[in-house]
Amino acid sequence: MSEFLEFEDVSKHYGAVKAVDHVSLTVKQGEFFSLLGPSGCGKTTLLRILAGFEQPDTGRVLLGGEDVTDLPPYERKVNTIFQSYALFPHLSVWDNIAFGLKVAKRPKKEIKAEVAKMLALIQMEDQAWKKPDQISGGQKQRVAIARALVNKPRVLLLDEPLAALDLKLRQRMLIELDLIHDEVGITFLYVTHDQGEAMSLSDRIAVMKLGKIEQLGTPAEIYEAPRSSFVAAFIGDTNFFDGIVAEPLEKNSVLDGFLSVAVDKDYSRLKIEDFPDLECFNDKQIKEGEHIFLSIRPEKLRISRERPEPLPHLNVIEGHVEDVIYLGSQTKYWVRTGDYRISVIRQHSRYLLDEKPIRWREKVWLSWHADDGFMLEKYSEQDENLIQLPPEEVGETTESNQILARPADAGEPAAAGDAAR
Amino acid sequence: MKPSRLPLIVTWAVIAFFYVPIAILVVNSFNSSRFGGSWESTSLKWYIRLMNEPSIWHALTNTLIIATTATLASMVLGTSAAFALHRFAGSKLQKLHYSVIYLPLVLPEILMGLSLLLFFVQLKVQLGLATIAVAHVTFCLSYVAMTVLARLQDFDFAIIEAAQDLGAGWWTTVWKVLLPMLAPGILAGGLLAFTLSIDDFVISFFVAGPGSTTLPIKIYSMIKYGAPPLINALSTILLAITFLCVAASQYLSNRDRKAA
């Protein structure tokens, strides 16, 4: 594993809009790397810069140590899967796949053998002579993959490849993409606005916001330890609480019969309106008196009818159930405490055996361990607007993707923002 | 309530108004009688006589030479124009360009014919086949440009990027992807241009010179000297060619739209 794809201080403007803003990034060989972010965050522009369709205003792109910034698209050893697949409608499946090899003037025998191998990989040997308009969306997707892979690119670029498929097909293609990545072992650079896709496929993810990388890490790091409110809200659901850091906790321990009092720097006390004092793990050494947003994932909260036994570092608050949504494998509760509407997820392992499931309007206790909360900066309205932008239309050009206007009808709201207030 | 019969009646009236005269002409071309009024017997007499008329053959050759030249030229120019119109759509210059291309479709032919004649005379160009062909390009080009532009409007340009991404340089992309994909559109426009050129009368009449008689001009002069049955036969042939070209053009644009 070497670091072989590098973006060095890459920027790109469209008029006054900064699509990509001084991004530096390295991707390792063989890695499945995702660029994840809402519309207009610059992820597609970054991919197009690597493909050679856009010239960066600043910085350079290195592939295997070689500067490819000024190479035209047809001289780069990368291939792209387009959002609209962009298959050649006048060519058969076979000719689509063979296109790159034919252009490279490879011997006929070799072309035949390579195309046959690809057709086997995508399991479409019997459809080789069909035209693109005679095959299904999922099959088109697979042909697009084969057409790119047959050229043995050093990096395969995927631009929202599943956006045009329906849910069932998308889930199947996710598994197929994963298998193909394992099989061919080349680097995948995957652009998506869908956090589920990115989480389930990637070795590492770069979450982007307004042309910058907000956080880079493995899916687990990003989910479990979001570095900003934007990341916390964009990846999965979360509850935000507006609070102020109070004094650190005292650590009580009994040593040789004496009670010693020491300051525990790992945990801070938080003051949040309407709540009793809460504790939160403070790995970032946030100072006393600072204003923070406490973020807690819905599944980290435990809901119970009885007040839980007090334990060290266990936070307990009281509320009443406002809504219950039964989802089969889990139930989602909305619990009201003061100004907050808190989302809680409870997995069912023994639902039917629970004598009395918690119901609407019941008084409940919520508890969580101080380690499961994160103190982040303010979750701004701008973040909320970005997250609620609808995904790019299939086939839309990059320039228009950069317009950051909030639509009148802001699609499906990300549950994140609902919690606070 | 019983649905009104009126729409049906109107429809048939319109169809009759449009096509009965043509039908009469076609039927009469197979009538061996010298006069359209009475039916003698079915025969190909007039067609055979047409075959033996050297001046008809001469006019036909002229027409085909002009139509082919004008069609090919307008396919090249019209496609280029469509590309420019699409690529730089929205710019002020292209809006002007669009009007310039669109104008010949609505301009009175007599005006175009007259102005072209004045233009050629002014330049002291010898009137003949060349001037007719150039005149035809001026309006044929618009039809090709409009047809190709319509195709370009639902063209996914990611396909061009895909070709380049797969290693194709600019020329390879044009030859292997762009032109094959647009070919049906260009061909449909070309066929339309061909039809229009074949049966254009007004403009050709103005810019024709000695020895450059085209079929429509020939028909006109034959009417003046009075040979109706022969004209019927000739018109039927012209009609058949036009019909075939338009049908082919329609087929090409429809088939491709479905594929897209």
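Two strands count as paired if DSSP finds at least two bridges between them. The model is predicted.

**Chain B as a whole**

Select chain B and colour it by secondary structure. Chain B holds 11 helices and 0 strands, so coloured by element from the N terminus on, the chain reads α-α-α-α-α-α-α-α-α-α-α. Along the principal axes, the C-alpha atoms of chain B fill a box of roughly 70 × 70 × 30 Å. Chain B has 260 residues, of which 35% count as buried. Take the contacts in chain B between residues at least 6 apart in sequence: 78% of them join residues at least 24 apart.

**Two helices that cross**

Next, select helix H6, residues 129-153 of chain B, together with helix H8, residues 170-198 of chain B. The axes of H6(B) and H8(B) come within 8 Å and cross at roughly 150°. This angle makes H6(B) roughly antiparallel to H8(B), because angles over 145 degrees count as roughly antiparallel. The crossing of H6(B) with H8(B) is right-handed.

Show side chains where the two helices touch. Counted by class, the contact of H6(B) with H8(B) has 11 nonpolar, 6 polar and 1 charged residues.

**Where chain B touches chain A**

Now show both chains. In contact here are 17 residues of chain B and 20 residues of chain A. On the side of chain B that touches chain A, the elements giving two or more residues are helix H7 (158-165) and helix H8 (170-198) of chain B. By class, the side of chain B that touches chain A has 10 nonpolar, 4 polar and 3 charged residues.

**The sheet in chain A**

Look for an open sheet of 5 strands, in the order S15-S19-S16-S17-S18, with antiparallel pairing. Its edge strands are S15 (302-304) and S18 (340-347) of chain A, each of which pairs on one side only. Direction ignored, neighbouring strands of this sheet are turned by 45° against each other on average.

**Two hairpins in a row**

Select strand S16, residues 314-326 of chain A; 6 bridges join S16(A) to S17(A), and the two run antiparallel. Within this pair, find Asp323(A), which stands opposite Trp334(A) in S17(A). S16(A) and S17(A) form a hairpin with 3 residues between them. In its turn, select Gly328(A), which has a positive phi of about 90°.

Then follow strand S17, residues 330-337 of chain A, to its other partner: 8 bridges join S17(A) to S18(A), which run antiparallel. Two pairs can be picked out here. Gln330(A) stands opposite Gln347(A) in S18(A), and Lys332(A) has Ile345(A) of S18(A) as its bridge partner.

What lies between S17(A) and S18(A)? The two strands form a hairpin with 2 residues between them. End the tour at Gly338(A) in that turn, where phi is positive, at about 55°.

Methods
Residues numbered from 1 in each chain as written. Chains lettered and ligands numbered in written order. Predicted model: local features only at pLDDT ≥ 70, side-chain atom pairs only at ≥ 80, totals over all residues. Helix = DSSP H or I, 4+ residues; strand = E, 2+ residues; numbered from the N terminus. Axes fitted to C-alpha atoms, helices over the stretch in contact; angles between N-to-C directions. Contact = placed C-beta atoms within 7 Å. Nonpolar A, V, L, I, M, F, W, Y, C, P; charged D, E, K, R; others polar. Parallel < 35°, antiparallel > 145°, perpendicular 65-115°, else oblique. Left-handed = near helix turned anticlockwise from the far one by under 90°. Buried ≥ 20, exposed ≤ 12 C-beta atoms within 10 Å, placed from the backbone.
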